[in-house]
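Visitor: I would like to know what stands behind the labels. Please take me through them one by one.

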Amino acid sequence: MVKLSLYIVSFFTVLFSFSLNNDFEFITSKTEFTAGHPIVLQFSTKTNTTPLLYVSNSFGSTLIIADKNNTVLSYKMPLDIASRAGIINWTLLTKTEQLQGKIKVLPKQSVENIQTYLGPPSIAAGGTDYSMLVAIPTDVYDNPLADNTKVAVTYQFRDQQTVDTIIVNNGISHKTIYSPLKTGRILSSSSCLGFNSKEYTINVMPGPPVNFNIAYKRHHDYADGNQITTFSTSIVKDVYGNTVSDGTYVEFFIKTSKQNIIKTSGTTINGIAVAKMKHPDHANSWSVQAFIEGMAESNRVELEYKSVISNFNIRLSNNNREIAIGPLKSFMGQIIPDGLEVTFFVYSKAKLIATQRKNSIEGYARFKLNPDQFPKGNYTIIVKTAGITKSLEHVVL
Amino acid sequence: MTRINRNILRGVLVLSYIIIIAVVVLGVGRIFSYLNTGADRSTMLHTEIKKIDQYLPKLEWAPLKNEGRLMDVETLKSIEADYLDAWYVKHVAYKTNTTQGVDDYYTESARKSIYDILDKNKAEGIWIDGTTLEHHITLEFFSEDGKLAVIRDRDVLEYKRVYQNEDMLFETKEISTYKAIVLLEDGFWRIRHLIKENNTPYKSEFSSVSNSISNVKGINYYPQATPWDMYGDYFDAQVISKDFKIIKDAGLNSIRIFVPYKDFGKANIKTEKLEKLKTVLDMAQNNQLKVVVTLFDFYGDYEVLNWTLNQHHAIKIVTSLKNHKALLAWDIKNEPNLDFESRGKIKVMAWLEHMIAVVKSSDSKHPVTIGWSNAESAGLLNEAVDVVSFHYYEHLKGLEHAYSTLKENNPDKTIVLTEYGLSSNKGVWNLLGNSEEDQANYHKEAQALFAKNNIQSLSWTLYDFSKIPKEVVGRLPWRKQTQGCFGFINQNGETKPAFKYMSREIN
């Protein structure tokens with residue numbers, strides 16, 4: 001039965017190739033060639049004409065001139081065409097009843113190169129993320145090997161080495177490589193018919209961080225507006241205990257006793273992110289929590305800051321037009337470092353007419369009341385600094 | 001003697017003076033009118049999109065069932081665009097034997113395969129004018145990193161004309177299946193491997209359509225005010241409706257109208273134009289008139305590389321009108337045989353044959369014809385068309401013979417005379433032209449011939465026109481005047497004597 005159908009098939013092939021043309025006859029019996037082998041299509045002819053042969057392969061078409069030997073016309077395909085895998089269809093350009101047919105060029109089953117495409121090049125640890133290795137073994141003429149050719153993919157992570165066999169389908173072979181639980185590098189390569197590819201690397205990066213702790217460090221607990229409190233995280237890790245990548249951005253949210261939010265931030269180095277914040281300049285309590293946005297958060301820590309200044313003097317001079325506030329003294333009685341903010345309000349008949357802000361210099365903040373701005377009259381002056389408010393009623397200018 | 005000479009000299013001087021002044025005035029006038037044509041203000045913002053369609057073969061994606069990563073629409077579109085561009089640059093490369101653009105769409109190793117064949121072709125003077133007309137693409141594989149895809153392009157319909165130096169040696173239509181491995185490089189989806197997996201010769205087969213036409217008595221129609229510009233700014237449905245009523249009342253049952261290719265937006269059909277065309281068909285329907293729609297009016301390029309644009313245009317129009325009750329038939333092109341000389345018969349014929357296939361593949365109901373300009377050409381492509389149609393402007397005494405010869409040669413086909421008429425062009429430019437009475441006699445005689453031989457016909461045309469675009473008959477005033485006087489109704493809206501013979505039934 002099989003034999004019979006084979007006969008039928010060849011009968012039809014013959015019909016197809018030998019359409020009715022009395023002058024020319026296609027005499028090449030071979031219809032499959034291996035890439036790179038010389039392909040010569042032959043026709044026997046009774047006439048003296050030597051028609052051109054039109055050939056068209058995967059990449060283009062051209063015409064071939066015959067080599068005539070007595071009654072046989074030989075058309076030799078140029079190597080550029082004979083070496084490309086795929087169908088070559090041809091037509092003999094006779095005046096009437098053009099013969100046409102097709103031959104098949106198969107890729108050479110030996111590997112000259114394995115084109116490897118590996119991506120994405122870095123994946124997250126944890127077994128859910130993956131990368132894909134696409135290997136296209138090609139022959140010496142750059143044709144992808146035939147489908148069903150076996151390709152071995154080898155990949156190694158730490159001490160473990162895995163070999164998988166995949167097959168070429170649609171000209172390519174591919175293998176999905178899932179990430180291990182630990183960070184590191186997966187080295188991979190492929191081999192086909194005794195040819196080995198180069199080494200390719202996948203970086204296994206830590207997965208998303210999980211919740212972490214924060215701690216703080218400060219020199220004293222006074223709200224001097226000068227010293228710095230340092231916040232730091234514990235080593236931030238993913239769910240499998242891999243330290244997160246350097247540069248992971250951690251944002252610290254500080255909520256003050258007045259429910260204002262102050263932010264500071266840092267990026268991790270070896271899993272630890274450090275961020276700094278200047279002490280407040282008046283008694284305050286901070287509640288701090290850190291976030292890695294969208295992924296993880298820390299515990300909440302509470303900090304108290306004590307006031308450094310319990311009292312200060314206001315001295316008026318020059319017809320009350322010069323006001324000196326100070327000396328501003330810190331917790332040990334020392335002059336407070338420069339830069340403490342002092343705010344100065346001037347009221348006239350219960351109406352605020354001027355506000356000035358100055359930073360302390362050598363323990364003092366000095367204000368001047370200009371006669372152009374403040375004509376003679378009765379004023380109330382209020383001074384605020386370090387959370388303390390003092391007022392002077394009925395200041396006569 | 002001297003006096004005469006002096007007078008001649010004087011005359012020549014005066015005459016040349018007048019000519020110089022005329023030229024100067026004309027030149028200044030031209031410059032002045034040029035300076036008055038201002039730029040469109042919207043161009044100041046450079047907001048217009050520069051993309052032009054140059055290659056639009058029919059393309060279908062099979063439902064996505066690929067291996068690997070899930071495909072998204074944006075990537076699919078960009079693969080499609082680059083894949084088609086790759087075909088386009090390849091066609092251009094093989095036509096011109098240059099490599100421009102090839103490196104953008106083929107990787108370094110793949111382009112070598114093209115360059116090798118190009119070098120051979122260039123050396124031997126071989127060049128190939130080709131295009132692909134249909135693609136049916138399946139996405140087989142898309143890599144996880146989104147940078148490699150395998151597509152299989154089934155039943156690619158390719159058309160090629162192979163030339164050696166100036167001689168066309170071979171024309172072929174092939175159906176091939178290709179597999180392409182494409183890589184995303186520098187923002188381009190480049191072809192890395194291309195493998196022809198199958199190939200069969202294409203055999204044009206034109207199946208006949210379900211509708212037939214009979215008893216056509218009609219007229220070619222353009223509105224009086226806007227001939228050859230029917231769908232422009234002055235489109236007036238009421239005027240058209242009124243005209244259709246005149247045609248209906250004159251005892252006719254069909255009209256033939258024209259769809260200008262460029263005016264309708266070439267490949268990107270302008271919706272408003274298409275709506276106007278539909279309105280025309282609606283009006284015809286209201287007046288119980290059937291419509292022969294003539295495509296590709298004012299198109300004369302036929303370049304193989306533009307076929308995809310042409311077919312895109314045709315498919316859009318055909319699919320949007322094919323279910324309209326007023327539609328009678330498709331006329332692929334008006335008088336294409338007049339382009340044989342300037343464009344080459346092979347080019348025009350191949351184009352026509354393909355466009356017939358395109359229209360038929362979109363509409364299997366309505367007959368297709370080509371409005372040949374004379375009876376001699378009407379036998380061309382008679383296997384492909386459903387209705388053989390021709391135009392006849394010669395002396396009526398030859399009509400009977402021409403018709404019967406056609407009938408004899410095309411026994412299975414309906415034959416329709418889609419244009420005939422006589423211009424009552426007697427006037428300043430045509431002193432020896434025909435008078436309105438001559439025209440009336442012509443139509444009377446024609447109607448008698450039609451009745452005798454049972455000829456289906458559409459006359460040219462309802463109105464006399466005053467504005468004839470130069471694309472129709474050129475710039476010469478006597479030609480324009482002739483073209484303007486074919487109507488049954490003159491420029492003042494009065495019926496001419498021939499009006500009585502618009503159809504047999506009018507009396």
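Guide: Strands themselves are DSSP runs of E with at least two residues, and helices are runs of H or I with at least four, numbered from the N terminus. This is a predicted model, where local features need pLDDT of at least 70, side-chain atom pairs count only at pLDDT 80 or more, and totals for chains, interfaces and linings use all residues. Residues are numbered from 1 along each chain as its sequence is written, chains are lettered from A and ligands numbered from 1 in the order in which they are written, and side-chain values use heavy atoms, without hydrogens and water.

Visitor: Why is B:R256 called buried?

Guide: Its relative accessible area is 0%. Buried means under 20%, exposed over 50% and partly exposed in between, with a 1.4 Å probe and protein chains only. Therefore B:R256 is buried. The residue sits in strand β8 (residues 254-260) of chain B.

Visitor: What makes the link between B:R256 and B:E419 a polar contact?

Guide: Their side chains approach to 2.8 Å. A polar contact needs a pair of N or O atoms within 3.5 Å; within protein, one must be able to donate a hydrogen and the other to accept it, and residues adjacent in sequence count only if both atoms are side-chain atoms. The pair qualifies.

Visitor: Why is B:V25 called exposed?

Guide: B:V25 has 55% relative accessibility, so it counts as exposed. The residue is in helix α1 (residues 2-36) of chain B.

Visitor: And why is A:Q289 called buried or exposed?

Guide: A:Q289 counts as buried because its relative accessibility is 10%. It lies in strand β24 (residues 284-292) of chain A. Its side chain makes a polar contact of 3.0 Å with the side chain of A:R300.
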